[in-house]
Amino acid sequence: MVPNRNKSFLVNQNVNKTENYEEAYRRSLEDPEGFWAEVGAVVDWYKPWDKVLDNSAQPLTDWFVGGEINACYNAVDRHIKAGKGKKVALIHDSPVTESVTKITYDDLYEKVSLLAGALINLGVVKGDRILIYMPLIPEAIISMLAVVRIGAVHSVVFGGFAARELCARINHATPKVIIAANCGIEPNKIVRYKDILNTALDRVTEKPKHCIIYQRPNMEPSPLTPGIDILWSDALSTAKHHPCVPVEANHPLYILYTSGTTDKPKGIVRPTGGHIATLCWTMSCIYGMTEDDVWWTASDMGWVVGHSYICYGPLCAGITSVMYEGKPDRTPDPGQYFRVIQDHKVNGLFTAPTALRVIRREDPVLEFGSKYNTKSLRTLFVAGEHCDHETLSWAGKVLNVPVLNHWWQTETGHSITATCLGFGHNLKPPMFSAGKPFPGYDVRILKEDGSPCQLLELGRIVVKLPLPPGVMSCLYKAPERFLHTYFNNFKGYYDTMDAGYTDENGYIYVTARDDDVINVAGHRLSTSALEDVILSHPDVGDAAVFGVPETTKGEIPLCLYIKNKNCSKKEEDINDEIVQNVRDLIGPIASFHLCAPVQGLPRTRSGKTARKSLSNLASGKKVIISGTIEDPSVYLDIKQVLQKLGYAKNAPDPEIEK
């Protein structure tokens, strides 16, 4: 085993000197081999790499070529060898089951290595795909680590996805084994995963050889299918501990399908070595975490955030990682985020802005949140959806910590831009910015013709090649689609498909997915800019802006919003004030005059707003509700509201995909 060669690289010796960032960023672009060799040294390798960077087949880039590594070894075994086996690796806090479970690194090793042995007994070999379909429970991470321990490739599907989406992913990934829980637990219902899995398997073209089923304690067990299903407990009881299997640095770690892809699944393939090395480094470089800290990412294992920062990032860095199986507001009240911080002495929190908006809407004066002591928290990070200034300011005030926005994508696996604590960045970055480019990302803002935008000019955000370690290496079974989707529009660049601009100090502002930019009579308006103004209204708790057809201007913005709890003001007065605020702060160019309150907005479980579906509904198009939407029932109320505004007149009722 090649030891960690340069741990000092993890620690910034001059945290108040942002020159460290400037030097690191410059080196990452001008001397990528020297720079990333130092980052690669923060994890342990079985065999050193032969070459740091192979960029001979651009846009395809291989990092740490020839090096051999194992992600599970770095997340579990090496901490035990360092004498830290008794340290808590995972804290599972589950208000839906009224339980808290703490799992040490020794515990992880015991369960992960046995499950790895069970997979070997079922004929799994290096390179095989294993699909994981589980709620946010420790067994999901145990399954992920067991898969990569033996060099197989996991594909985690968000627990509760509809049978149609699950079937599409099974057909595409063709897993040899599926690992699933019998159920998930929502505030008001039990989601029977096993029934959904059975329906999906009835439709697939190539069935897995086996399914390992974890029956959740104190829940009604699901019937097993003879000849295919194996109980989790039985699989472990007959298995032997299995050692880690080294893989080449560019061997796939996992396949992760982006949300909303059903007919043509888009499976992001992640390389092993560069990804876990970069993630491990970001825990200190971006998030300022040390091995003594407790880290909480409030996400799900089905999303990239869960992969990167519930599992691999904190565990490879030897940090305690919190898993919260609950809602921000309903399990049982909106004080739960504050309780989790207090109970587990959380030092850093990463969540979606939507969760903060929900808490603010339901508990604006902290009737519930003020019961808890959150002094352990040092920093709050947000990503995944634009964070409006009002919510950001509120969260910073009630938690008394910096709230830092950063921007990244499923494709990248970690931040493209960030405020880096390890580099001593200013903890009060400019309003609305997403930080500065992270080392390795040569971020540019281009016009449609590929020419550079001026400072503060809205354009397409792209990244000059080569991309840094840890980003996607390809799309599974779709290399031509990979090249066409991400590298065809701007030659020599990775197309993020996001819109934004940069300022004179190098800060990046991400305004919207480029598809969400509203074109009003030739003027491009970002949904986020409009939502920021609307969310500044004291009676508005959440909002979504999207484009709707208009005969003379082509498209105009329409806003649906949720009123704050206990709001008594008349709807007409709120609407008039919102329209006036937009006119005052954005200008008449926005042509904004359509807004109305709704009971709820269509949010994915990762916190994103399904604006495209709202625009389609308003235009009268058929809407199929993705299994990623947390509350599909909101569409019926939204349709009625849109009809009162003159839209969605002949639109069919949105349908939940089956």
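Buried, on this tour, means under 20% relative accessible area, while exposed means over 50% and partly exposed lies in between (1.4 Å probe, protein chains only). You're looking at a predicted model, where local features need pLDDT of at least 70, side-chain atom pairs count only at pLDDT 80 or more, and totals for chains, interfaces and linings use all residues. Residues are numbered from 1 along each chain as its sequence is written, and side-chain values use heavy atoms, leaving out hydrogens and water.

**Stop one: Cys183.** Select Cys183, which counts as buried at 1% relative accessibility. Now look for disulfides, meaning pairs of cysteine sulfur atoms within 2.5 Å: the count is zero. For Cys183, the closest cysteine sulfur belongs to Cys211 and is 16 Å away, too far for a bond.

**Stop two: Cys387.** This one is buried too, with a relative accessible area of 3%. Its closest cysteine sulfur, in Cys559, is 17 Å off, again too far for a bond.

Next up is a nonpolar core, a set of buried Ala, Val, Leu, Ile, Met, Phe, Trp, Tyr and Cys residues joined through side-chain atoms within 4.5 Å. The largest has 141 residues, and Leu108, Leu145, Tyr312 and Leu315 touch the most other members. Counting contacts as heavy atoms within 4.5 Å, and skipping residues up to four places away in sequence, Leu108 touches residues including Val76, Ile142 and Leu315. A second, separate core of 45 residues includes Ile534 and Phe592.

**Last stop: Val443.** Select Val443, buried with a relative accessible area of 13%. Glu23 is 420 residues from Val443 in sequence, yet their C-alpha atoms are 16 Å apart.
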